[in-house]
Amino acid sequence: MSALQEIWFLLLIVIVIIYVILDGFDLGVGFWFIFAKDKHQETTLNERKEIIQSIAPFWDGNEVWLLAAGGILFAAFSDVYATVFSAFYVPLILVAFCLIIRAVSIEFREEFPNPIWHKISDIAFIFGSLGPAIAFGVLIGNLVQDIAINADKRFTGSFIDHFNPYSILIGLLALSMIITHGAVYLRARATDKLAAKATQWAKMGIISFLAISSGSLVISLIFHPHIIDNFLNMPILLIIPLIGFVCILFTSYFIWNEKDAKLTFLLSSLSIAFSILGAGVAIYPNLVFSSLDEAYSLTIHNASATDAGLLVMLIVALIALPLILVYTLWIYKMMGTKLKDEDITGY
Amino acid sequence: MINPTSLAQIQFYITIGFHFIFPPLSIGLSWYITYLLTRYIRSKEQYYKDSAWFWIKLFATTVAIGIPTGVLMEFQFGMNWSEFSRFVGEVFATFLLLEVFFAFFLESVFLGVILSGMRTKRISDRVLWFSSIMITLGTTLSSFWILAANSWMQTPGVPGEPGSGWDIVGGKAVLTNFWDVLFTPSMVARFFHTVNACLIAGAFFIIGISCLYLLKDRHHKFAYDSIKLALIVGIILSIIQGFFGHWQSTIVATYQPAKFAAQEGLFETTAGAPLVVFAILDDSKVLFEIGIPFLLSLLTWGDPNAIVTGLDAFALEDRPSVLLTFYSFHLMVIIGMFLVGVALVGVFLLWKKSLSDPSSKLRKWFLRLGVLALPLPLISIDFGWITTESGRQPWIIQGILRTADAASAAPSEEIILSLITYIVTYIVLFIAWILVMRRIFIKGPSLYETDEVVT
């Protein structure tokens, strides 16, 4: 047990938060893409093109945060990385496949002015965006409950185990979270016409999120009461889910009353941040619970690299992360201005 | 049914082999794009910006496939090679983390800036130029970190000994000195050899595209300017590549003698060993070979009578596949030498001013050759990679961990399922890549201001 393990656990949570906030919106818009009008149906509007264009400068950089989270697991908690990635073989193949077809659909969509290609590309974008969200939700759902891990830290179950009612519920929770976030993003970034539509989408999104999240909270407390242990031991930590709850309420209020779009996006991001932080507190110090024996669970203490290694990685992260955050914020400030009709070019 | 380890190996060869087509091109092209934008910033001539935009579009098409197929790699270590991952995480993945932090972010964030900025025309020239430098830095650093990780797998040294930088504690690799692990004996040579190969791939890509334009009688100035620079850079780099290759080979001979024996097709330890230039052989014997006497000993150890270790010095279970290693190594070298020849002819025609003279008979012949040579460096790079990986077998980390002990316990069905998914996806991706590049080629450069649709 060392402070470095706690620091890396916190850093992992922070990176996951940044990933979900950033990639969350660009994956989330994929859902509303289904309802957006394409030029083949209506000549004046080109909403699908606009949606793609709204995320175009950012989606690629956002996805790298996933690699950062994966890299941290691999380097700092290699047992968790090895066990989880081999245990979730099938869902992760799906994720990789989705990310590949999605990247190609975004970059190549406008390259062929062919309606059939547009159809294929659009389907790839929709599946490619929603697939990872659901798959990651299912994965988290399994990690919050427990999977069959033996004394050797190996997974002994089968991939059918992953698809249980609880994990599917968490998959839907993740989906509702990012589609709301995506609509909120479009409201802030898109042209006035599309932003008005996105306002309605955000309302639908937030209703689904409130319903699914309160449902999964109740079910989690009933079936997985261990998630409350850390909060009972240290009640001050309850402040985190409490702030998360307040942020969600404010986000809902802002969406419902069509308040300032940028502030809504900030609130939505904070809701995500505090929800994930709360979940992190709930599972600490475990990363994966074992269903076979509590002692077999993978924790930040029994699955981590040595202090020497963690220290090297920490130095690397402390040099890199401020730099990355600075230029990422700079890019968002420069490229993230609200779109106007004349901006919608031939992306 | 094939055993899961072999399946995982096949999957690894196919997924990386495919992925590895794209990064070399992005490295090569990013350097050239930065060069063009630097010219543009200095001269303010729109011509350079238009040229850069043409290559940026081809670059982006390449990266669009290179990045997501690379994401899969990070997943695959854990999915298929979980025992390897469990063992090496602290050492190996520290380099992956460095690659994410100091390469992927730069590449991805600034590619978004350039593409969106150019398309919406809302980006200042200086930001454009700066972004291209950041992308070039990103692509090049990316190769640095991943080659550091690979070099450690090739020449890890002896764990626990001073200078190796790592140890085995509780059945796991642990880091004791970062710099020693970063600069293992094969790292520097491998980096120069590989990055140089990537730049050569970029040069021949530019030569190939320019030759196509000249053959089709389009964009003369653009094509001529491009081919001129690419030929000069190409000839210099491909000659230097011979020296880098030799440098790396002597390191292989010193630290991985089994791989060296396999790549040279040397079954018996020999004094005054010949350099085999052609052979028909399999994993156990040579059926026919043509060699230059004493040359291997001379090249490797600087003495024509020096002893070169053959495969007989290694137990059967410690030998790599000679078939795979020998042929991929020799194909790499043959392609490399062929490319030197192509560049030499090109430079000669350039010097004789025949390239700009449509009446020259040699010109047309060379232009076709230039198009033919376009994919060759990429194929050569893949062969080089196969040489280095298959020559290390049966080890995944030379002398430390066997490949057979590194795989996950994933059932064969899951691997087969994913393998089929990838093969089908990759074929579609490859076709899409070619088609998009073809469209960009047909549109041609200097259409930046009027990005009209060409069907």
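The predictor assigns the complex an ipTM of 0.88 and a pTM of 0.90. For chain B the mean pLDDT is 88, with 98% of its residues at 70 or more. Among the elements of this chain, the highest mean pLDDT, 94, belongs to H7(B), whereas the lowest, 82, belongs to strand E5 of chain B, residues 286-292. Residues 447-455 of chain B have a pLDDT below 50, and this stretch makes 8 contacts in the model beyond near neighbours in sequence. Where pLDDT is low, the predicted coordinates should not be read in detail.

Chain A contains 12 helices and 2 strands, and its elements, read from the N terminus, follow the order α-α-α-α-α-α-α-α-α-α-α-β-β-α. The radius of gyration of chain A is 20 Å, in agreement with the value near 20 Å that a compact globule of 347 residues would have. Along the principal axes, the C-alpha atoms of chain A occupy a box of roughly 65 × 40 × 40 Å. Of the 347 residues in chain A, 52% are buried, and of the contacts in this chain between residues at least 6 apart in sequence, 77% connect residues at least 24 apart.

Among the buried residues of H4(A) are A:Ser78, A:Asp79, A:Tyr81 and A:Phe85. The buried residues of H4(A) pack against helix H3 (59-76), helix H5 (89-108), strand E1 (286-288) and strand E2 (298-299) of chain A, and also against H3 and H4 of chain B.

A:Asp122 lies in helix H6 of chain A, residues 115-144. This residue is partly exposed, with 19 other C-beta atoms within 10 Å. A distance of 7.0 Å separates the C-alpha atoms of A:Asp122 and A:Ser105, which stand 17 residues apart along the chain.

The contact between the two chains draws on 52 residues from chain A and 56 residues from chain B. On the side of chain B that touches chain A, helix H3 (46-80), helix H4 (82-120), strand E2 (172-175) and helix H14 (412-443) each contribute at least two residues. The greatest contribution to this side comes from H4(B), with 24 residues. By residue class, the side of chain B that touches chain A comprises 32 nonpolar, 17 polar and 7 charged residues.

The largest nonpolar core has 235 residues, among which A:Ala69, A:Ala96, A:Val104 and B:Trp55 touch the most other members. H4(B) gives the most to this core, again with 24 residues. Apart from neighbours within four places in sequence, B:Trp55 is in contact with B:Leu29, B:Tyr32, B:Ile33 and B:Leu36. A second, separate core of 18 residues includes B:Ile251, B:Ala262, B:Leu296 and B:Val308.

In chain B, the 15 residues of helix H13, residues 376-390, should span 21 Å at 1.5 Å a residue, and the end C-alpha atoms of this helix are 21 Å apart, which agrees. Because 12 of its 15 residues are buried, H13(B) is largely enclosed by the rest of the structure. Its buried residues include B:Pro377, B:Leu378, B:Ile381, B:Asp382, B:Phe383 and B:Glu389. Among the elements that cover the buried residues of H13(B) are helix H1 (4-19), helix H2 (22-43), helix H5 (125-154), helix H7 (187-215), helix H9 (257-264) and helix H11 (322-351) of chain B.

Technical notes: Residues are numbered from 1 along each chain as its sequence is written. Chains are lettered from A and ligands numbered from 1 in the order in which they are written. This is a predicted model: local features need pLDDT of at least 70, side-chain atom pairs count only at pLDDT 80 or more; totals for chains, interfaces and linings use all residues. Helices (H or I, at least four residues) and strands (E, at least two) are DSSP runs, numbered from the N terminus. The expected span of a helix is 1.5 Å times one less than its number of residues. A residue is buried if 20 or more other C-beta atoms lie within 10 Å of its own, exposed if 12 or fewer, and partly exposed in between; C-beta atoms are placed from the backbone. Two residues are in contact if their C-beta atoms, placed from the backbone, lie within 7 Å. Ala, Val, Leu, Ile, Met, Phe, Trp, Tyr, Cys and Pro count as nonpolar, Asp, Glu, Lys and Arg as charged, and the others, Gly among them, as polar. The radius of gyration is taken over C-alpha atoms; the globule rule is 2.2 Å times the number of residues to the power 0.38. pLDDT is the predictor's confidence in each residue, from 0 to 100. A nonpolar core is a set of buried Ala, Val, Leu, Ile, Met, Phe, Trp, Tyr and Cys residues joined through C-beta atoms within 7 Å.
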